[in-house]
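Q: Please take a close look at one part of this model. Walk me through how that part is built.

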Amino acid sequence: MKNTKIKHYDVFVIGTGIAGQTAAEICREYNLSVAIADNREFGGTCANRGCDSKKILLQFSHLVYQSRNLRGRGVEKLPKLNWKKVQKFKRSFSDPIPPNTEEKLKKLGISLYHQSPKFISKTEVEVEGKVVSADHFIIATGNIPRDLDIEGKEHLKLSEDILNFKKIPKSITFIGSGYIAMEFACMLATLGCKVTILERDNTSLAKFDDYLVKKLITKLENLGVAFVFNADVTGIEKLKKNLKISYSMDGKAKTHKSRKVINATGRVPAIEALGLENAGIDADKDGIVVNDYLQSKSHSKVYACGDVSNKSPSLTPLSGLQGYIVGNNVVKEKSKILDVPCVPSTVFTTPNLSSVGYGLEEAKARYKSVKVYQGDCSYWFNARKENEDTYAYTILVNERTDEIVGAHILSSEANESINVFATAIYNKMTVKEFKRMMLTYPSYSMDFKKMMENK
């Protein structure tokens with residue numbers, strides 16, 4: 001390598017999502033010299049090719065769904081989508097992200113590198129053909145789609161490809177049934193696509209409430225989504241128009257055809273290209289191994305934040321928090337500790353499946369006695385006014401203290417109303433205290449009081 005002079009920084013950040021940006025900005029506030037690198041568009045997954053773009057597209061399928069539900073009840077003609085204009089509207093949000101992010105970082109005096117760095121020693125990385133050294137490194141590379149090592153895998157598409165579809169395909173198959181597959185399956189089925197989900201397990205959304213997941217699966221089946229469980233995909237073959245998916249189920253070889261096939265088998269920490277072994281940075285299947293300060297356990301000058309850290313769930317709100325913690329710990333070592341808060345999460349299907357706090361098995365393992373409020377409320381006013389046939393809940397309470405410890409809601413507005421339960425759990429509210437709160441009527445949040453009337 002021909003380098004006459006090695007560029008040196010106080011801090012080198014790898015990754016430009018919310019975690020990396022937050023950490024870099026804090027370091028600059030304290031006048032540290034900072035560089036940041038990314039092998040893709042600056043701004044991270046969520047803003048460029050993930051959560052934000054997905055939510056923009058989903059609202060259009062939800063509009064179609066709602067209109068269909070109310071057809072004959074005041075809606076006479078269903079809306080017709082212009083998908084090209086939908087995509088143009090989505091791009092009006094995503095296209096400005098990379099240049100705006102770069103401009104913001106430059107104004108802060110942060111040096112930018114457009115490549116994935118690779119560690120060549122404990123204090124150096126190679127990036128853009130240069131050797132760069134730093135006192136501290138912050139790894140915030142996030143997650144990437146899991147590689148599905150099967151024959152014909154080059155024909156597979158990813159979730160970000162769906163975000164850029166020029167038109168709705170006639171048919172599509174998802175391999176895997178996590179939240180990404182379920183959300184896009186719901187959207188595409190609503191818009192007239194023939195959707196199949198091949199799942200190697202015997203159910204979907206393993207981390208969510210089983211009672212509600214079963215209801216959601218039934219709902220998607222009614223929308224036209226075909227679920228094939230216990231299906232182990234073995235290969236993809238390109239035909240003239242379709243792709244042929246080979247899979248085994250119960251020891252029998254089977255095949256299925258569709259226009260497009262999506263690898264939705266999950267995401268893994270984006271660490272393979274970093275050369276961590278060259279710097280003595282330990283990692284496991286969940287990411288960089290860190291302590292409660294988000295500091296590498298094997299390299300004290302390295303920190304990891306966001307989805308690439310092995311310390312917490314892969315949720316956007318936590319990425320910003322972790323970036324804040326890491327930035328402060330670089331400035332002043334061990335000044336901030338990660339205390340994972342009660343974070344709600346949502347599967348943005350129609351209806352939404354939202355969860356916060358403990359699941360049923362977790363609660364039973366933690367508390368001696370758990371009161372379970374569970375039921376179907378599709379006959380309640382809020383569902384009936386929308387002509388919605390799916391509305392249900394599971395609420396968990398520590399019977400000894402009467403504190404709410406978990407809430408799981410399946411409703412059209414669960415993604416917003418779950419925040420009421422997040423606030424309640426965070427503040428250790430009892431059922432009695434919760435019922436004393438004044439909430440708007442007739443809102444979905446107001447229904448929560450009624451849900452906790454009978455065990």
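A: Strand 12 and strand 13 (residues 252-258) run antiparallel, joined by seven bridges. Strands here are DSSP runs (E, at least two residues), numbered from the N terminus. Two strands pair if DSSP finds at least two bridges between them. This is a predicted model: local features need pLDDT of at least 70, side-chain atom pairs count only at pLDDT 80 or more, and totals for chains, interfaces and linings use all residues. Residues are numbered from 1 along each chain as its sequence is written, and side-chain values use heavy atoms, with hydrogens and water left out.

Now the turn. Two residues lie between the strands in the hairpin of strand 12 and strand 13. Asp250 takes a positive phi there, near 55 degrees.

Next, the other neighbour. Strand 11 (residues 232-238) also runs antiparallel to strand 12, and six bridges join them. These two strands form a hairpin as well, with four residues between them.

Ile245 links to both sides. Its bridge partner in strand 13 is His256. Ile245 of strand 12 is also the bridge partner of Ile236.

Then the faces. Strand 12 spans residues 243-249. Leu243, Ile245, Tyr247 and Met249 make up its covered face. Lys244, Ser246 and Ser248 make up the uncovered one. In a regular strand, side chains alternate between the two faces of the sheet.

So much for the strand itself. To recap Ile245: this residue sits on the covered face, with His256 as its bridge partner in strand 13.

Terms used. Buried < 20%, exposed > 50% of the residue type's maximum accessible area, 1.4 Å probe, protein only.
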